[in-house]
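Please look over the structure shown here before reading on.

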Amino acid sequence: MAMNPSYNYDVCVLGGAGRAGLPLSLSFAKAGKKTVIYDINESTVNQINASEMPFMEEGASILLDVTLNKTLWATIDPKVVSESRFIVVTIGTPIDEYLNPSFTDMKNVMAFLEPYLKAPQIIILRSTVYPTISSTLQKQLDKTCPGVHVCFCPERIIEGKAIQEIETLPQIISGFDETAINQVKDLFMAISPEVIETSPLEAEFSKLFTNSYRYIQFAISNQFYMIAEQFGANTENIFHAMSHNYPRMSALAKPGFAAGPCLFKDTMQLSAFTNNTFFLGHSAMLINEGLPKFLVNQLKEKMTMLDKKIGILGMAFKAESDDSRESLSYKLRKLLNLEGARVLCSDVYLKDKDFVSEDVLIETCDIVIIGVPHQKYKTLSYSGCELIDMWGVS
Ligand SMILES: NC(=O)c1ccc[n+]([C@@H]2O[C@H](COP(=O)([O-])OP(=O)(O)OC[C@H]3O[C@@H](n4cnc5c(N)ncnc54)[C@H](O)[C@@H]3O)[C@@H](O)[C@H]2O)c1
């Protein structure tokens, strides 16, 4: 039997400076696992090494402070990959301009990893992947790096609550080799309350089904909003009437922009996998992505927008976040500009030299649209401007 080599690190998180990778790295480090972040983004790696969180994440700053250079390291030097027992991959898995999954990044990473891999290392895919990718990668590695095993263990946290959720949510784990699965189980039991074992395909579906389900939940609320508004009814009153003390409506989401880097792309990944027969997913995409245009059309019915000053309050993709990726507020801005409006934007958490403060925005704009319901916007006075507030902030 081959001797197990000794490793400098328990875990290497590849892409560990990112929104999913960094909280996970911190959680492993907190649990005493010797964790090294390998990331190609040098400036973010430098920030982490200076004990600065590169983005907002509850409870992360303090963990970074206490683990850095004790059980956590960050580097742009790929040699740490070969020095680690487990390699957790958390790079982005985007869709392309045709709404199909783009495999290039994942393929490139795997090709790049090969010279650093040697049995019995284990690769844990944590990024959300197109179904069957885990199996394809395992087959590839069987040829190039025999004895290196792939496990797929999806990330299920929401940004902002990642640390807390890693410690409280069950962890789905899957793989192709019983010994590897057991070792990965032990690894995750150090940070998760329980693990659920499935086959890799079931784990891939579990993740995509979850995100698609949420996306569809938001879509039904947005469709109800659009129907109610078209007929001059108040959605907030309707939703209150529907859900107050009525348990079967407890899952009813608020209407509002359903955006961000995950829900849309994962619904489209599933659509692509099913040869575009995931009709609910496509319908949800049309509804959610159509909401900015609906708002603009509603305004157009009331007034000409040429030279109107319109403010968008909240540019992040969701409340209490500094992440602007795939935010529909930017789509709204584009559509308003196309109508000839002068658009001002503001956000409590995003820094942009073209943004203005919320006070200036409210004071100077004829119309204010709430793009995202940051807490602070609930405390502002909107007298003097017309407010479009699909979130029920005011
Ligand atoms: N953000 C979330 O809340 C969340 C939640 C669940 C699942 N996910 C999934 O996790 C994955 C990552 O998402 P994210 O939001 O963290 O993305 P991100 O862009 O914030 O992070 C990706 C990181 O990977 C790094 N990277 C890219 N190519 C690399 C390479 N070749 N070598 C080393 N590092 C590399 C980037 O520099 C970046 O730091 C996606 O599949 C996403 O769907 C994300």
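The notes below take up a pair of helices, the cysteines and some backbone features in turn. The model is a predicted one, and a search of the whole of it finds zero disulfides. The axes of helix 11 and helix 12 come within 9 Å of each other, and a cis peptide bond joins A119 and P120.

**Helix 11 and helix 12**

- Two packed helices are described by the angle between their axes and the distance between the axes.
- Helix 11 covers residues 263–273 and helix 12 covers residues 279–302, and their axes, which come within 9 Å, cross at roughly 150 degrees.
- Because angles over 145 degrees count as roughly antiparallel, helix 11 and helix 12 are roughly antiparallel to each other.
- The crossing in which helix 11 passes helix 12 is left-handed.
- On the side of helix 11 the contact is made by F264, T267, M268 and S271, while helix 12 brings G281, H282, M285 and E289 to it.

**Cysteines**

- A disulfide is a covalent bond between the sulfur atoms of two cysteines.
- For C145, the closest cysteine sulfur belongs to C12 and lies 15 Å away, which is too far for a bond.
- C145 has a relative accessibility of 6% and therefore counts as buried.
- For C365, the closest cysteine sulfur is that of C385, at 8.0 Å, and this distance is also too far for a bond.
- C365 counts as buried because its relative accessibility is 4%.

**Backbone features in loops**

- The cis peptide bond between A119 and P120 has an omega of about 5 degrees, and P120 has its place in the loop between helix 5 (104–113) and strand 5 (122–125).
- S51 is not a glycine, yet its phi is positive, at about 60 degrees.
- The loop that holds S51 runs between helix 2 (42–49) and helix 3 (60–67), and S51 is partly exposed there, with a relative accessible area of 22%.
- N275, although it is not a glycine, has a positive phi of about 55 degrees.
- N275 is found in the loop between helix 11 and helix 12, and with a relative accessible area of 65% N275 is exposed.

Technical notes: Residues numbered from 1 in each chain as written. Predicted model: local features only at pLDDT ≥ 70, side-chain atom pairs only at ≥ 80, totals over all residues. Heavy atoms only, no water. Axes fitted to C-alpha atoms, helices over the stretch in contact; angles between N-to-C directions. Helix = DSSP H or I, 4+ residues; strand = E, 2+ residues; numbered from the N terminus. Parallel < 35°, antiparallel > 145°, perpendicular 65-115°, else oblique. Left-handed = near helix turned anticlockwise from the far one by under 90°. Contact = heavy atoms within 4.5 Å. Disulfide = S-S within 2.5 Å. Buried < 20%, exposed > 50% of the residue type's maximum accessible area, 1.4 Å probe, protein only.
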